[in-house]
Amino acid sequence: MENLQKVLAQHKLTQEDYNAILKILNREPNLVELGIFSAMWSEHCSYKSSKIYLNGFPTRAPWVIQGPGENAGIIDIGGGYGAVFKMESHNHPSFIEPYAGAATGVGGIMRDIFTMGARVVASLNSIRFGDITKKDSIGAKHRYLLRGVVAGIGGYGNCMGVPTLGGEMGFEPSYEGNILVNAFSL
């Protein structure tokens with residue numbers, strides 16, 4: 001493949017990823033296949049960089065009714081009650097289309113709670129953006145992203161009657177390439 005390193009960088013794949021793909025396919029992948037691997041191995045789909053940390057959380061205990069997997073987790077909180085919750089990142093979708101990306105992140109985790117037979121009572125979020133004080137196109141882009149993400153988070157939850165009880169946000173140049181949009185519902 002012509003200029004392999006450039007193609008891998010465009011697909012956010014490492015040389016190690018490419019070697020694993022070669023082993024899986026037993027041949028060189030085409031560009032469409034690289035795109036599919038890139039999407040499926042992305043942080044959004046597979047928690048590629050955070051899986052090592054996520055695997056450190058306990059998932060089996062007498063109080064764990066439903067551990068990680070499809071839909072939402074359930075923890076026994078006593079008295080015949082369970083806390084049903086879900087957290088998800090919607091970073092890249094929100095970077096591409098801030099309102100819809102953030103709203104579908106919130107909506108998706110609410111759906112996962114509803115499918116467990118529970119009622120959503122509260123949401124939280126944690127969001128990060130680049131430097132919005134810059135007087136250049138980067139600052140303008142991140143002010144736009146901030147407005148859209150905040151509106152998307154609030155808009156979806158508010159129309160469902162679910163309050164956003166809290167959240168946090170930060171601004172740092174390291175988020176100029178891709179923002180962080182984490183949503184949590186209980």
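The exercises below, each with a worked solution, concern a predicted model of a protein chain.

**Exercise 1. The order of the elements**

Find how many helices and strands the protein chain has, and work out in what order they run.

*Solution.* Begin by counting the elements, which gives eight helices and six strands for the protein chain. Then follow the chain from the N terminus on, where the elements run α-α-α-α-α-β-β-β-α-α-β-α-β-β. Finally, turn to the contacts between residues at least 6 apart in sequence, of which 65% join residues at least 24 apart.

**Exercise 2. The nonpolar cores**

Identify which residues have the most contacts inside the largest nonpolar core, and find which elements give two or more residues to this core.

*Solution.* As background, nonpolar side chains in soluble globular proteins tend to be buried together. The largest nonpolar core here has 20 residues, and those with the most contacts inside it are Ile127, Phe129, Val149, Ile153, Ile179 and Val181. Two or more residues of this core come from each of α7 (98–114), β4 (123–129), α8 (137–159) and β6 (180–185), and α7 gives the most, with five residues. To see one member in detail, take Ile153 and leave aside its neighbours within four places in sequence: Ile153 is then in contact with Ala102, Val106, Asn125, Ile127 and Thr164.

**Exercise 3. Surface and charge**

State what share of the residues is buried, and describe the accessible surface and the charged side chains of the protein chain.

*Solution.* First take burial: of the 186 residues in the protein chain, 37% are buried, where buried means under 20% relative accessible area. Then take the accessible surface, which comes to about 11200 Å², with 60% of it belonging to carbon and sulfur atoms. Lastly, count the charges, which gives 16 positive and 16 negative side chains, and note that the centres of the two sets lie 3 Å apart.

Key:
Residues numbered from 1 in each chain as written. Predicted model: local features only at pLDDT ≥ 70, side-chain atom pairs only at ≥ 80, totals over all residues. Heavy atoms only, no water. Core = buried A, V, L, I, M, F, W, Y, C linked by side-chain atoms within 4.5 Å. Buried < 20%, exposed > 50% of the residue type's maximum accessible area, 1.4 Å probe, protein only. Helix = DSSP H or I, 4+ residues; strand = E, 2+ residues; numbered from the N terminus. Contact = heavy atoms within 4.5 Å. Areas by Shrake-Rupley, 256 points an atom, 1.4 Å probe, with all protein chains shown as cover. Lys, Arg positive; Asp, Glu negative; His and termini not counted. Charge placed at Lys NZ, Arg CZ, Asp CG, Glu CD.
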